[in-house]
Amino acid sequence: MVATRGRQGDDCEAMREPIRVGLVGAGNIALGDHVPAYLELPELFRLVAVADPTPERRALVSDAAGLGDRDVHADTAELLARDDVDMIDVCTPQHLRRDLVIAACESGRHVLSEKPIATTPRDASQMIATARANGVRYGIVHNYLFRPEIVRILEIIRAGDIGPVEVAILNWLSVIDIPGAAAYRPTWRHDPSQAGGGVLMDMLHIVYLGEALLGRPIERVSAWVDARTEDAPVEEITLSRFETDRNAALVNVGWGQGPGGIAVSGPEGRIEVGYEDGASGAFAPFEQLVVHGRNGRVEETDLPPRRSITNVLADFGAAVREGRDPVATGEQGLHILEATLAVYLSAALGRTVGLPIEPGHPVYERGVAGLRELDLPDWSPIRRRRLFGVQ
Ligand SMILES: NC(=O)c1ccc[n+]([C@@H]2O[C@H](COP(=O)([O-])OP(=O)(O)OC[C@H]3O[C@@H](n4cnc5c(N)ncnc54)[C@H](O)[C@@H]3O)[C@@H](O)[C@H]2O)c1
């Protein structure tokens, strides 16, 4: 095994001690979800340090986690130089991840990273290779897999109540456009060079949910995208079809107003999930799950509460201790990033796109910036709307 500075899964003494975490990026998701999750799991984790260049954000996380002055860093290099950190949790915007993740892996720390893994497949591949070469665990926060209604749908599918899944329809057309931290750059999600895409890149949760409901890897993608406001730099609505070798998902995601909910069907029935007022999951409370299956109509309105990021952290901590991969690996993060970029490529070209995107392709190398190098038809919605800097 490659020597690492963090405690390893095969060290029996260390397995009884909490994993010591350095948090990199103290924005909204770190403060709102990661810090409370660490505090909920004291036997598994101890948050020992935070790094963020924005003083206001460092102060907020340090207060919430009860850190002392010497545990709060403006520069991640200082945090990585410490000898009391086993794992790095990267909660920065995605365009900053590659160098941070590579440095963390090379210093022998396990790495958990927010989604999307990166803005380009090339960066993601380099990060995955560095993690594997250094023998550390590398997980991506695909937390919607742990949402209670998703866990329940997957149980019902596994029980065979609707037969093998043929079609999954996921409507997320009323996503609320929540700005980033005010003290940093609240509009970074609308800058293609920082976000790597628009609403779908931000909500690529729905891409990995579609694949999880189909139960098979996505192989082909066809899509249409558009903007809802004048001069939008990134797409604000996407309608996509993801095909596997035997079933397909329709995934519709948009900022603004539109229907929400999930429907999954097979030869013997269907499962439908609704959120309050027909809006989108995570932005409106769960209302009901209805199964029309082998047992007739069954309605469920009470599901066990779960904090999805607490479950991601619990899985990652167990993966480190047990020396296994987490639920969402770097490789899965890369595959879902490519499926998301394939939506933009398909919409740009007006044709179905196969996965994986090959190394050397402009979109593999440069993400959405690579679309500018392609010869797009006049009617391409990406060209017509001048999305991602395409002229
Ligand atoms: N899993 C989820 O449900 C979920 C939800 C929201 C956001 N996210 C993801 O989390 C990430 C952060 O989103 P957010 O909404 O918290 O953003 P945010 O704008 O609220 O915060 C970004 C933070 O990163 C800090 N930062 C900038 N450069 C840095 C650097 N070099 N080193 C360390 N910190 C740096 C900023 O100062 C700021 O505090 C994004 O990738 C986003 O996609 C995931």
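Predicted model: local features only at pLDDT ≥ 70, side-chain atom pairs only at ≥ 80, totals over all residues.
The chain is divided into two parts. Domain 1 spans 12-143 + 310-326, and domain 2 spans 144-306. Their centres, taken over C-alpha atoms, are separated by 27 Å. Domain 1 contributes 17 residues to the contact, and domain 2 contributes 21 residues.

The largest nonpolar core holds 119 residues. Within this core, Ile-153, Leu-170, Trp-172, Ile-262, Tyr-344, Leu-371 and Ile-382 touch the most other members. Helix α12 (residues 330-349) supplies the largest share, 12 residues. Both domain 1 and domain 2 give residues to the core, so the core lies between them. In soluble globular proteins, nonpolar side chains tend to be buried together.

Neighbours within four places in sequence are left aside here. Among the contacts of Trp-172 are the residues Tyr-144, Met-203, Ile-206, Leu-209, Val-253, Pro-259, Ile-262 and Tyr-275. Asn-252, Gly-254, Ser-280 and Gly-281 are also in contact with Trp-172.

Val-167, Ile-169 and Leu-250 make a nonpolar surface patch of about 190 Å². Ile-169 belongs to strand β7 (residues 167-175). The relative accessibility of Ile-169 is 30%, so this residue counts as partly exposed.

Charged pairs were examined next. The whole structure contains 29 salt bridges. Side chains of opposite charge can pair when their charged atoms come close. One of the salt bridges joins the side chains of Arg-132 and Glu-331, at 3.0 Å from N to O. Arg-132 lies in helix α6 (residues 121-133) and Glu-331 in helix α12, so the pair ties together parts that are 199 residues apart in sequence. Both partners have intermediate accessibility, between the cut-offs of 20% and 50%. Arg-132 is partly exposed, with a relative accessible area of 43%. Glu-331 is partly exposed as well, at 35%.

A second salt bridge links Arg-294 and Asp-161, with an N to O distance of 3.8 Å. Here the partners sit in loops. Arg-294 lies between β13 (286-293) and β14 (296-300), whereas Asp-161 lies between α7 (148-158) and β7. The pair therefore ties together parts that are 133 residues apart in sequence. Asp-161 is buried, with a relative accessible area of 16%.

Arg-241 and Glu-243 form a further salt bridge, in which the closest N and O atoms are 3.3 Å apart. Arg-241 has a relative accessibility of 35% and counts as partly exposed. Glu-243, in contrast, is buried, with a relative accessible area of 18%. Elsewhere, salt bridges link Arg-70, Asp-71, Arg-82 and Asp-84 in a network.

Just after α5, Gly-108 takes a positive phi of about 85°.

Note on methods. Residues numbered from 1 in each chain as written. Heavy atoms only, no water. Core = buried A, V, L, I, M, F, W, Y, C linked by side-chain atoms within 4.5 Å. Buried < 20%, exposed > 50% of the residue type's maximum accessible area, 1.4 Å probe, protein only. Helix = DSSP H or I, 4+ residues; strand = E, 2+ residues; numbered from the N terminus. Domains from an automatic or database assignment. Contact = heavy atoms within 4.5 Å. Patch = residues over 30% accessible without salt bridge, like charges linked within 9 Å, V, L, I, M, F, W, Y side chains within 5 Å. Areas by Shrake-Rupley, 256 points an atom, 1.4 Å probe, with all protein chains shown as cover. Salt bridge = Lys/Arg side-chain N within 4 Å of Asp/Glu carboxyl O.
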